[in-house]
Amino acid sequence: MPSSIDYLSLLPETARRQEILSLHQERQQWINQQKKGFLRYRTPCESLAPFAARTVDCTGDTVIIGGPDELNSDEQAQVREAMRAFMPWRKGPFSVFGIDIDAEWRSERKWQRLLPMLPDLKDKIIADIGCNNGYYMFRMAPYRPKLVLGLEPSMQHYYCFKALNSMARQDALHIDLLGVEHLSLFPDCFDVLFLMGIIYHRASPIDVLRDIYQALRPGGTLLLESQAIPGEAPIALFPDKTYAKVPGTYFIPTGHCLHLWMEKAGFDEVELFCQHPMSSEEQRSTEWMAFESYSDFIDPRNPALTVEGYPAPHRVFLRGRKKAISC
Ligand SMILES: C[S@@+](CC[C@H](N)C(=O)[O-])C[C@H]1O[C@@H](n2cnc3c(N)ncnc32)[C@H](O)[C@@H]1O
């Protein structure tokens, strides 16, 4: 498995290497503690490293890492137990040596909606901010990017991705325990940046978009996906304690409002290319995510409302570009 800081050499000269390195080292020191909370993910992650998959296929809806015939039944049981340590699985589907992992979200649907607007990823430097277990990073791998860097501050998701990639061995994919708040360390670095399922969790969404703008190379592309409220008005909902039972939710814009935010942050050629209502077919409890899910977040008498009485969520997809340098 490549060391997670190997990605530094793949970044352009503009990256603030020393600061990234010292933050990386600080975070590694933190997760390397011999405490239960860290070992519960680190131990299963390390136990999976010897299982290198012979077949890896990231081109279909299910990310396939290893076939069922590559392990004996004892090894398969060992892998299954280790994979269950990363529960609840939010993003998927994956199939690992024949073990089907049906995650809470049907993430392949989001990827299918992005596909028509995907820029060329070949040899590109890409960031996936809030990458979770890396489902979308694996889907990017077949396009032969130079680097996909996932920023993910959650230790659980970090180790889950590390475990998956220790078996899949996709050399272009890297993760670090960083967050959207660290984008200033990456000026003019990324050709393509994905920000999906994040912006409504930020108190200053336009500042986030400005940070992304400066982290993109001139001519670079942002693909932005977000929860949204329905409607065309240039407004955002500011919920009280929770939105659809989720705390830490700040502004939930309409698609049009998000479009305006992107323009205010400096983006060019902004396009809202997809909008759809959320549904319990796409986000639901499964064997690998046993907690409450979408149907528990929605008013049972009126599916147009959340349990708090707010408009039920839509999802929106936007693309924008950082201006190219004109000669
Ligand atoms: C709603 S999930 C979205 C996951 C994925 N991007 C998607 O669209 O399916 C939000 C993710 O952001 C991560 N996250 C939390 N705080 C973050 C931060 N400060 N910067 C970046 N990601 C963060 C969470 O751990 C989680 O994996």
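S95 is found in strand β4 (residues 94-96), where strands are DSSP runs of E of at least two residues and helices are DSSP runs of H or I of at least four, both numbered from the N terminus. The structure is a predicted model, in which local features need pLDDT of at least 70 and side-chain atom pairs count only at pLDDT 80 or more, while totals for chains, interfaces and linings use all residues. Residues are numbered from 1 along each chain as its sequence is written.

With 19 other C-beta atoms within 10 Å, S95 is partly exposed; a residue is called buried if 20 or more other C-beta atoms, placed from the backbone, lie within 10 Å of its own, exposed if 12 or fewer, and partly exposed in between. Leaving aside residues up to four places away in sequence, S95 touches T62, I64 and D100, where contact requires the C-beta atoms, placed from the backbone, to lie within 7 Å. S95 and R202 are separated by 107 residues in sequence and by 33 Å in space, C-alpha to C-alpha.

Backbone geometry deserves a separate look. Most residues other than glycine have a negative phi, and most peptide bonds are trans. The exceptions listed here are as follows.

| Site | Backbone feature | Location |
|---|---|---|
| M87 to P88 | cis peptide bond, omega near 0° | P88: loop between α3 (73-84) and β3 (91-92) |
| G92 to P93 | cis peptide bond, omega about 15° | P93: loop between β3 and β4 |
| R144 | positive phi of about 60° | loop between α5 (135-140) and β8 (147-151) |
| D188 | positive phi of about 55° | loop between β9 (173-176) and β10 (190-196) |

R144 counts as exposed because it has 11 C-beta neighbours inside 10 Å, whereas D188, with 15 such neighbours, counts as partly exposed.

Turning to helix packing, the axes of α2 (residues 36-48) and α6 (residues 155-168) come within 8 Å and cross at roughly 5°, the axes being lines fitted to C-alpha atoms over the stretch in contact, with angles running from 0 to 180 degrees between N-to-C directions. That crossing makes α2 roughly parallel to α6, a label for angles under 35 degrees, as against over 145 for roughly antiparallel, 65 to 115 for roughly perpendicular and oblique for the rest. On the α2 side the contact is made by F38, Y41, R42, P44, C45 and L48, and on the α6 side by M155, Q156, Y159, K162, A163, S166 and M167. By class, this contact has 9 nonpolar, 2 polar and 2 charged residues, with Ala, Val, Leu, Ile, Met, Phe, Trp, Tyr, Cys and Pro counted as nonpolar, Asp, Glu, Lys and Arg as charged, and the others, Gly among them, as polar.

The largest nonpolar core has 92 residues, of which I65, F190, L193, L195 and I212 touch the most other members; such a core is a set of buried Ala, Val, Leu, Ile, Met, Phe, Trp, Tyr and Cys residues joined through C-beta atoms within 7 Å. Helix α6 gives the most to this core, with 8 residues. Not counting residues up to four places away in sequence, L195 touches I129, I212, L222 and L224.

In helix α8 (residues 255-264), the buried residues are G255, C257, L258, H259, W261 and M262, and they pack against elements including α7 (205-215), β11 (216-228) and β16 (268-277). After α8 comes G266, whose phi is positive, near 110°.

Around the ligand there are 17 residues, of which G130, S154, G179, M196 and G197 come nearest, a residue being near if its C-beta atom, placed from the backbone, lies within 6 Å. This shell divides into 6 nonpolar, 7 polar and 4 charged residues.

Terms used. Two residues are in contact if their C-beta atoms, placed from the backbone, lie within 7 Å.
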